[in-house]
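Okay, hi everyone. Let me put a structure up on the screen, and then we'll walk through a few parts of it together.

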Amino acid sequence: YQPHPSVPNYKGTKSKKDLLSSNFLVKVQAGSEGSHISGAGLADNIEETNVTVYDKSRIVSGTVEHEKLFNLVRQFGKLGSELNYSKKIFLFAKIIKKDINNIQLQTDKLVHDQNW
């Protein structure tokens with residue numbers, strides 16, 4: 001896979017403040033990698049709308065319940081590493097300067113097939 005050109009070299013990234021200057025790519029994952037196969041062989045109903053969001057360096061990471069973002073990932077995402085249940089997409093994000101613990105995701109550009 002060719003990394004997206006906007007993904008900076010994270011070597012030396014030690015804090016969220018290092019990411020303040022520009023947009024960066026985050027992985028957004030909906031669903032878990034664990035087994036969700038029931039006795040009948042059908043996937044269990046999806047009851048939670050949690051998504052996990054993190055950047056390549058894991059400086060920005062967390063889980064949030066967000067139904068619209070969850071549905072976006074489930075509809076347009078690709079299967080996760082186990083090719084089982086979870087789906088993932090990559091979105092551009094930026095740290096909100098007023099509150100360094102929150103990010104804003106750009107949902108109009110979906111990126112796939114990053115090597116992480």
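I'll talk about some strands, then one lysine, then a pocket. Keep in mind that this is a predicted model.

So, strands. Strand 1 covers residues 24–30 and strand 2 covers residues 50–55, and the two pair in the antiparallel sense over 5 bridges. If you want a spot to look at, find Lys 27: its bridge partner in strand 2 is Tyr 54. Now go over to strand 3, residues 61–65, which runs antiparallel to strand 2 and is joined to it by 5 bridges. Here Val 53 stands opposite Gly 62 of strand 3. Strands 2 and 3 form a hairpin with 5 residues between the strands, and in that hairpin Arg 58 takes a positive phi near 65°.

Next, the lysine. Lys 87 sits in strand 5, which spans residues 87–95. What does its side chain reach at 3.2 Å? That's the backbone oxygen of Arg 74. Setting aside neighbours within four places in sequence, Lys 87 is also in contact with several other residues, including Val 28, Gln 29 and Ala 30, plus Gly 77, Lys 78, Leu 79 and Gly 80.

Last stop, a pocket. The second largest pocket holds about 200 Å³ of space.

Definitions and conventions
Residues are numbered from 1 along each chain as its sequence is written. This is a predicted model: local features need pLDDT of at least 70, side-chain atom pairs count only at pLDDT 80 or more; totals for chains, interfaces and linings use all residues. Side-chain values use heavy atoms; hydrogens and water are left out. Two strands pair if DSSP finds at least two bridges between them. Helices (H or I, at least four residues) and strands (E, at least two) are DSSP runs, numbered from the N terminus. A polar contact is a pair of N or O atoms within 3.5 Å; within protein, one must be able to donate a hydrogen and the other to accept it, and residues adjacent in sequence count only if both atoms are side-chain atoms. Contact means heavy atoms within 4.5 Å. On a 1 Å grid over the protein atoms alone, a cavity is a set of points where a 1.4 Å probe fits but cannot get out, and a pocket is an open set with protein on both sides within 12 Å along at least five of seven lines; lining residues have an atom within 4 Å of a point. Grid points are joined across faces, edges and corners, and a volume is the space filled by probe spheres set on the points.
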